[in-house]
Amino acid sequence: MGMTFAEKLLSKKADLSHVKPGDVVIVEPDRVLSHDNAAAIIRLFKSIGVEKVWAPEKVVIVLDHAVPAPTDKHANNHKEIREFVAEQGIQYFYDVNSDGGVCHQVFCEEGFALPSHLILGSDSHTCTYGAFGVFATGIGRSEMAGVWALGQIWLRVPESIKIEVVGEFPKGVYAKDLILRIIGDLGADGADYKSVEFTGGAIRNMSISERMTLCNMVIEMGAKNGFIEPDAKTISYLQSIAKGRFEIIKPDEDASYEKVLTYELSELEPLVAKPHNVDNVSPVKDVAGLKIDQALIGTCTNGRLDDLEIAASILGGKKIAKGVRLIVIPASWRVYREALRRGIVETLVEAGAVIAPPGCGPCMGNHLGILAPGEVCISTANRNFKGRMGNPDSEIYLASPATVAASALKGVITDPREVL
Amino acid sequence: MIIKGRVWKYGDDINTDVIFPGKYTYTVLEPSEMAKHALEDLDPSFAKEARPGDIIVAGKNFGCGSSREQAATCLKALGIGAVVAKSFARIFYRNAINQGLLVIQCPELFEFVVNGEEIKIDVDKGEIHTLGGKVFRFSPLPEFVRRIIDDGGLIPHLRKRFKER
Ligand code: SF4
């Protein structure tokens, strides 16, 4: 019988002719990613009693979670990382400068997310790289320290779910709405431990950025990884930037899936995930009119050029509502530069947005837009958990960049179709 | 190994942001300090009143969300004896093992225990005993996982392995 993508890739990496769900394999990753938590990993790594990381050229570190450092503790973390990087000869280090940004965005833009690669990251949204046909999954700090030392990890071969997407997006509906619909339907544990393969004509029509939005959020239904088959768009994106060789690994036609689901885009409408769980999904119209205090456009989910462009197209020549703070954080400096060149930044600033430097910002409550008790924020991020943006008594609604921009314009949660 | 403790009962989808708030991830660095913030945004009494050996009993998908290992570290540092859940989120499950925190999947237990009740876990036999005399079984941990837990977590386990080389 044929194999799914996860089965095929893991069997290849483990040098086995066949594996099945539930098997445990020992594999070596092609690349590993860490961010500010590298400081903690370094301390753990040193305590193991090993001198050198197993392969410095396979280690990528991007500072993004709190940049530039907001406190002395953060600054000290960054310093420890810089020293370690120099001492170990780690060349792929992205410091606090205008080459950086959110780790997942930088990782992809720099050509590290390559089809057929196995990538581990000490961040749960490492699954984003599935958009390029990568097997990518998140692990914890100790485990990353172990990988730095040994170059090995055990992984359980996951069951797979296939999601076929067909049709075309109606006006005002985007990849974010699709993934919210899927998470709402399957639930926060609907894909626990599983590999999720997206396929179908609508996926092939999607841009790389939209594919990244989909794969970024598979962890919100518990998935181990996401997968989209690489095509001409993937190859052309990677052509001049790929840092390494790759091949294309596709699932077999006769692979067996635990579940096969089909989504028709024309049936979708703009959605939000309501506090405090990502699977608490409803149509925007059900919460329309709810007053907001802050709107955030950014993060590894929706802080790319097309996202900022949509926001600018809604806010161009207008002003955001009085009493609302709109914070825009381009996902990377590359995105920021291009948005500057195209006048998108100017349009957003004229409309009243505050632009913060590329990085995670307030997404997980570090800095640059923490909420006060009782405040409501609508955000393009991927998580709305209680306390996520730094205050347990605030509320976070997740939505597409269009819905967030429309809401900032009106001061209340707004269906973007009203303003497009 | 036998674990005996009082039950702290929580529902489904307890995520890592409420187990250990993100805002502390780069500023609270010592496990003993992490312990003081365990479950802070969900149940402020937990970190103050939990005693070593106490057992968290939860619904499905415990530990979903971020990969932050402190969600397991803070529970371990507080002395939590085990987390028994209907199911676990994948990264948390690995992190717990790597921190030497016992995680047991036993979907049946949840309905039969109340908050504060004392229960007993016999890890070797794979049994959970309630006060009322009910016995629930769970699958024993794979051998290599058990070794990591017995060594006190992945880092001490690796330290041992590298010394032996
Ligand atoms: S933007 Fe948010 S979700 Fe993405 S890596 Fe940063 S903190 Fe995590």
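How many aromatic pairs does a search of the whole structure find over all chains? The search finds 20. This is a predicted model: local features need pLDDT of at least 70, side-chain atom pairs count only at pLDDT 80 or more, and totals for chains, interfaces and linings use all residues. Residues are numbered from 1 along each chain as its sequence is written, chains are lettered from A and ligands numbered from 1 in the order in which they are written, and side-chain values use heavy atoms, without hydrogens and water.

**View 1. An aromatic pair between F84(A) and W148(A).** The two rings are stacked, at 5.5 Å centre to centre and 15° between the planes. Rings of Phe, Tyr and Trp (its six-membered ring) pair if their centres lie within 6.5 Å; planes under 30 degrees apart count as stacked, over 60 as edge-to-face and the rest as tilted. F84(A) belongs to helix α3 (residues 72-88) and W148(A) to helix α5 (residues 141-150) of chain A, so the pair ties together parts that are 64 residues apart in sequence. Helices (H or I, at least four residues) and strands (E, at least two) are DSSP runs, numbered from the N terminus.

**View 2. The shell around the ligand.** Residues H65(A), V102(A), H104(A), D123(A), H125(A), T299(A), C300(A), C360(A), C363(A), M364(A), N382(A) and R388(A) surround the ligand. A residue counts as near if one of its heavy atoms lies within 4 Å. Five shell residues are nonpolar, five polar and two charged. Here Ala, Val, Leu, Ile, Met, Phe, Trp, Tyr, Cys and Pro count as nonpolar, Asp, Glu, Lys and Arg as charged, and the others, Gly among them, as polar. Domain 1 (22-157) and domain 3 (271-418) of chain A both give residues to this shell, so the ligand lies between them. Domain bounds come from an automatic or database domain assignment.

**View 3. The largest cavity.** Its space is about 260 Å³. The residues closest to its centre, out of 26 in the lining, are H35(A), H65(A), D123(A), M364(A) and R388(A). Helices α4 (103-109) and α11 (299-302) of chain A give two or more residues each. The lining has seven nonpolar, 13 polar and six charged residues. The ligand takes up this space. A cavity is a set of points, on a 1 Å grid over the protein atoms alone, where a 1.4 Å probe fits but cannot get out; a pocket is an open set with protein on both sides within 12 Å along at least five of seven lines; lining residues have an atom within 4 Å of a point. A molecule sits in either if more than half of its atoms lie within 2 Å of the grid points. Grid points are joined across faces, edges and corners, and a volume is the space filled by probe spheres set on the points.

**View 4. The second largest cavity.** Its volume is about 130 Å³. Among its 17 lining residues, I219(A), E220(A), G222(A), C64(B) and G65(B) lie nearest the centre.

**View 5. The largest pocket.** About 520 Å³ of space lies here. Its lining has 21 residues; R156(A), Y193(A), Y93(B), Q105(B) and P142(B) are closest to the centre. The largest share, four residues, comes from α5(B). By class, 13 are nonpolar, four polar and four charged.

**View 6. A cis peptide bond from V67(A) to P68(A).** Omega is near -20°. P68(A) sits in the loop between β3 (59-62) and α3 of chain A.
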